[in-house]
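Please look through the sequence and the structure shown here before reading on. The briefing that follows takes up the ligand first, then the division into domains, and then some details of the backbone.

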Amino acid sequence: MLTRQVPLAEDVRLDEVAGRTPGFVAADLAALVREAGVHAALRQKSAETPTVAMADFDAALEVVRPTTMAASTLELASVTLEDVGDLVEIKETLTESVLWPLTYPDTFARLGVRPPRGVLLYGPPGCGKTYLVTALAGTGRANVLSVKGAELLSKWVGESERAVRELFRRAREAAPTLIFLDEVDALAPVRGQATDGGTTDRVVAALLTELDGVEALRNVVVVGATNRPDLVDPALLRPGRLERLVYVPPPDAPARVEILRASARNVPLAADVDLAGLAAELDGFSAADCAALVREAALAAMRESLTASTVTAAHVATARRRVRPSLDPAQVAWLAAYAESRRG
Ligand SMILES: Nc1ncnc2c1ncn2[C@@H]1O[C@H](COP(=O)(O)OP(=O)(O)O)[C@@H](O)[C@H]1O
Ligand SMILES: [Mg+2]
């Protein structure tokens with residue numbers, strides 16, 4: 001598509017170029033074609049009809065990198081919503097308020113529904129916030145640009161705001177795009193309290209400008225995630241910004257069964273493994289702890305025999321002694337109360 005207007009030499013193999021550009025979003029590919037064109041033009045200054053050869057693409061591939069801010073982990077991970085145990089309602093909410101607006105903007109317009117511009121996922125650590133968004137990215141229905149709050153805070157004056165603008169520019173170019181601001185509390189401590197010479201203040205201001213952008217953010221949805229909603233600048237949570245707050249709670253026993261099941265989807269469990277019984281004993285275990293338990297059980301089986309073909313209750317018991325719960329009861333109680341107060 002991008003090369004429709006470009007005079008390609010016969011040796012250009014676009015499928016090979018495609019194979020060498022993992023993690024490139026549409027805007028990166030456009031930059032690549034532009035760069036190859038420039039290279040070709042320079043190479044054949046005197047030619048009447050310069051053509052773009054494979055060598056020009058090779059040269060362009062040396063200099064054009066995929067959007068650095070797009071976490072390649074998100075692009076490469078092939079996590080799907082199937083891998084996410086439990087959290088059924090949250091998956092539905094995200095599908096309706098994030099994927100639908102990106103996929104069917106015309107339907108929203110026709111029915112007069114204004115989708116939320118942004119969503120903030122909050123909840124205790126290790127309970128699936130990042131994992132959920134990775135799974136949404138895995139549906140392949142939107143480009144995902146992911147950036148951690150701390151990554152946007154560059155020490156050089158002005159760089160951070162530029163990074164924010166660049167992030168949104170790329171998102172618009174590659175639309176439909178989901179912008180994922182993970183660990184957004186790092187980025188947006190309440191204004192006026194920062195001790196970093198105002199960088200975070202300016203980054204938040206830049207974010208607000210982009211979110212309110214005069215250029216309508218059509219086809220761009222922003223999802224934030226945090227363990228500390230109290231640290232997020234309230235201005236970011238106003239209508240038209242990260243207006244929809246979604247609590248991702250720690251798993252209860254039935255949820256832990258689902259998480260164990262999802263984590264063990266590709267693990268051959270022996271008949272004597274009772275996931276429901278196990279889940280009932282795992283108070284204080286986050287989703288990540290449950291996943292770690294399954295991994296540890298499989299490792300126990302491997303340690304016993306490299307030709308092991310099933311993971312037994314004995315392996316699970318061994319793992320159970322190694323993996324400790326990581327949820328902090330005080331933090332969980334605070335977050336539950338916060339969620340309750342938002343509901344009111
Ligand atoms: N609902 C879930 N089902 C299965 N595994 C999960 C689930 N939630 C989290 N995990 C596991 O826990 C790990 C950490 O979760 P993550 O989403 O990074 O937590 P956080 O809420 O802190 O962002 C994931 O990489 C995944 O292996
Ligand atoms: Mg996370």
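**Where the ligand sits**

In this predicted model, the largest pocket is the space taken up by ligand 1. A shell of 16 residues is found around ligand 1, and those that come nearest are G85, G126, K129, T130 and Y131.

**Contacts with ligand 1**

- The side chain of K129 has a polar atom that lies 2.7 Å from an oxygen atom of ligand 1, and the side chain of T130 places an N or O atom 2.8 Å from an oxygen atom of ligand 1.
- For Y131, it is a polar atom of the backbone that is found 2.7 Å from an oxygen atom of ligand 1.
- On its own, ligand 1 has 560 Å² of accessible area, and the protein covers 80% of this area.

**What makes up the shell**

- Sorted by residue type, the shell around ligand 1 holds 10 nonpolar residues, 4 polar residues and 2 charged residues.
- Two helices, α7 (129-138) and α14 (287-304), each contribute at least two residues to the shell around ligand 1.
- Domain 2 (72-247) and domain 3 (253-322) each provide at least three residues of the shell around ligand 1.

**Division into domains**

- The protein is split into domain 1, which covers 14-63, domain 2, which covers 72-247, and domain 3, which covers 253-322.
- When the centres are taken over C-alpha atoms, domain 1 and domain 3 lie 49 Å apart.

**Details of the backbone**

- The peptide bond that joins A175 and P176 is cis, with an omega of about 5 degrees, and P176 belongs to the loop that runs between α9 (159-173) and β3 (177-182).
- D86 is a residue other than glycine that has a positive phi, with a value near 60 degrees, and D86 is placed in the loop between α4 (72-76) and α5 (88-103).

Conventions. Residues numbered from 1 in each chain as written. Chains lettered and ligands numbered in written order. Predicted model: local features only at pLDDT ≥ 70, side-chain atom pairs only at ≥ 80, totals over all residues. Heavy atoms only, no water. Near = heavy atom within 4 Å. Polar contact = N/O pair within 3.5 Å; in protein donor to acceptor, adjacent residues only side chain to side chain. Areas by Shrake-Rupley, 256 points an atom, 1.4 Å probe, with all protein chains shown as cover. 1 Å grid on protein atoms, 1.4 Å probe; cavity = no way out; pocket = protein on both sides within 12 Å on 5 of 7 lines; lining within 4 Å. Sits in = over half its atoms within 2 Å of the grid points. Helix = DSSP H or I, 4+ residues; strand = E, 2+ residues; numbered from the N terminus. Nonpolar A, V, L, I, M, F, W, Y, C, P; charged D, E, K, R; others polar. Domains from an automatic or database assignment.
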